[in-house]
Amino acid sequence: MKGPQLDYADLSWSDNGAPISNAYGDIYFSKESGPEETDYVFLTGNRLRERFSNAPPGSLFTIAETGFGSGLNFLMAWALWRECGPADGHLHFTSVEFCPLAREDLVRCHQAWPQLAEFARQLRAQYPAPMQGVHRCRFVDQGVTLTLYLGDVVDWLSDCSFKADAWFLDGFSPKQNPEMWSESLFPLIASHAAQGCTVATFSAAGFIRRGLKEHGFNVSKAPGFGYKRDMTVGVFQAEEPNQPAALPHKEAVVIGSGLSGANVAYALATRGWKVTVLEAADRIAPEASGNPQGALYIKPGVEWSINTRIHANAFLYAERFYSEIANLPTPIWNPCGVLQLAHNDKEAVRQQKFFQHNRYPDEVIRPFTHQEASELAGVSLPASAMYLPGGGWLIPPQLCAHMLQHPNIEVRLNSPVTALERTDEGGWLIHIGSGESAQELECAILILATANNQAMQPAAASALPLKPIRGQVTTLQVESAALPQLNTVLCGEGYLMPPIADRLVTGATFKPNCADAQVTEADNNANLEQLLQLTPALRDELSKHPPTLQGRASVRSALPDYLPAIGPLIPGQGGKGLLIVTAMGSKGLALAPLAGELVADMLEGTPAPIEDSLVQRVLPNRFSQE
Ligand SMILES: Cc1cc2nc3c(=O)[nH]c(=O)nc-3n(C[C@H](O)[C@H](O)[C@H](O)COP(=O)(O)OP(=O)(O)OC[C@H]3O[C@@H](n4cnc5c(N)ncnc54)[C@H](O)[C@@H]3O)c2cc1C
């Protein structure tokens, strides 16, 4: 059976309550002096207090670490950043862990540090499921981001690109964990170090000093912590550590206020960018993102393919984003779970294969029998199901409006962009409207989130092979006697959402290569029929109390490989500062939060929320390379 699930660390606890790894025979931290040791070895060893204190407003600082363990080093760096870093700066901490701690072990570890309790609580709220790959956690009010890779350190560093300002070489000692401290580690540390990046480790082993030196670090011994005689510190390609710097001109314009545009704007605004959002219509999210209800769901493939990895990663981030990061009021987001019904023989076989081939954590996906599914849903269902406990439903236009309320975002409605031009200064001139009301706006960074609309793109951009897919959802207004007490989202051929008041939303029709957004009765009837196939138990009630049907049609945008386009629209200098985010297909609620993060990381040069090999598969230029 294949991944993506990782095994939790197998722990014992010493008499005085220190966690010990049974696999490595080493302690995670000393019970008496864990925080003091971190402070001495990693914070002082990297001269962080002085560097954070001298950081100018708006600074960005990236720390990379081997061996996340209990998160102690992360929590200590976070606490120090809050204490003496610039209030409007951003600390990006990235780390790797091969054997993640189980949640209950994490709680027990964290109990040892009451001074870090509030940071630790926030970390646990976003702590990822044990799934191989990159996990993004954002502590928006704190100016702190964590990018945690679960898996092997060499796999991680061979498949990501960032430049750290400080490296914490932690993890179990080289004697206990020779696999991690291999010769191949040092060139990878160096290739992920900015000039003036510092390094610190508790170990004074000769091969570590030599390995770092050979790859460009000026290395020295320093007195070790406690009973340890020595430790190692160093600076990359410089005598002195670098100083955090602020990115110049953190300003951007985003065109489009749907899920793509709102998420990009929010990801940038929460990193201190000033963002102007231009929307052609007189309201936010007027097109595909304007449905009354939508499901957060994915349909993972049997193979742990690139496509499934991107969707799984996006789904896990989206769940965290809606529950913990975006601060959504309850009526907008309901994390009620999603049941993917085995609604026909083909899907039943597919789901069977899926569970035979894969090991996923129960908190992400698990099989439900017909009876379990019916009990959970609260209505009798016709089939077994794949259960996604982290899924749920949202109200997409309210979600967009909520994100766009961020004080760093200005939304300009009634602002149809008609053309874009390169300026002599290397920026972009945006032409808005026509005739007497025509306006112009200049910017250095421009992000297009206009779904299928490529009309305003500059001549140098080769058009993406975007495909419009018409879809209609239907709202049923139902008498209370016929209203099902559905507890969870049901998906099959289509979907059915739990009711809001006396309304049930169901959908959606799917007509490729059709950009017609007229509501049709035929589509309403098709949706009703689909609903009855998902829940035949409703047939009687709905025929006794016929509901009124109201449709809403709009157009999805998709690419031939059913992956989004996220990144520079025109590669190379000629297209500098012009990015696109589109082709969310039928999964905008899962994909758009990750897309927002990826764009922000591309613009800031911070670690990406997915591996490079996955980033390659969403770059817009993947079609021009074929
Ligand atoms: C019927 C239906 C049901 C769906 N159900 C779900 C679901 O349950 N779960 C899910 O995850 N996804 C669902 N989707 C998909 C999801 O809605 C889309 O993936 C998502 O809304 C796409 O967001 P977007 O911002 O890229 O596009 P849009 O929401 O279409 O936004 C594009 C924006 O750009 C603006 N714009 C375009 N051109 C210009 C211009 N020249 N100047 C200024 N502004 C411009 C438009 O006015 C629009 O606001 C569904 C889609 C449909 C159609």
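**Charge pairs and cysteines**

Analyst: Glutamate 410 and arginine 412 form a salt bridge in which the closest N and O atoms are 3.1 Å apart. Please keep in mind that this is a predicted model.

User: Are those two side chains buried, partly exposed or exposed?

Analyst: Glutamate 410 is partly exposed, with a relative accessible area of 38%, and arginine 412 also counts as partly exposed, at 24% relative accessibility.

User: How many salt bridges does the structure hold?

Analyst: There are 26 salt bridges in the structure. One of them joins the side chains of glutamate 597 and arginine 136, with an N to O distance of 2.7 Å. That pair links distant parts of the chain, since glutamate 597 belongs to helix 16 (residues 588–604) while arginine 136 belongs to strand 7 (residues 133–139), and the two are 461 residues apart.

User: And is that pair buried or exposed?

Analyst: Glutamate 597 is buried, its relative accessible area being 2%, and arginine 136 counts as buried as well, at 1% relative accessibility.

User: Which residues are linked with them in a network?

Analyst: The network of salt bridges links Arg136, Arg138, Lys250, Arg271, Glu597, Asp601 and Glu604.

User: What about lysine 221, which partner does it have?

Analyst: Lysine 221 forms a salt bridge with aspartate 230, where the closest N and O atoms are 3.9 Å apart, a distance that still falls within the 4 Å cut-off. At 48% relative accessibility, lysine 221 counts as partly exposed.

User: Switching topic, where does negative charge gather on the surface?

Analyst: A surface patch of negative charge is made up of Glu421, Asp424, Glu425, Glu440 and Glu442. Of these, glutamate 421 has its place in strand 24 (residues 417–422), and at 40% relative accessibility glutamate 421 counts as partly exposed.

User: Now the cysteines: how many disulfides are there?

Analyst: The count comes to 0 disulfides.

Conventions. Residues numbered from 1 in each chain as written. Predicted model: local features only at pLDDT ≥ 70, side-chain atom pairs only at ≥ 80, totals over all residues. Heavy atoms only, no water. Patch = residues over 30% accessible without salt bridge, like charges linked within 9 Å, V, L, I, M, F, W, Y side chains within 5 Å. Areas by Shrake-Rupley, 256 points an atom, 1.4 Å probe, with all protein chains shown as cover. Lys, Arg positive; Asp, Glu negative; His and termini not counted. Charge placed at Lys NZ, Arg CZ, Asp CG, Glu CD. Helix = DSSP H or I, 4+ residues; strand = E, 2+ residues; numbered from the N terminus. Buried < 20%, exposed > 50% of the residue type's maximum accessible area, 1.4 Å probe, protein only. Disulfide = S-S within 2.5 Å.
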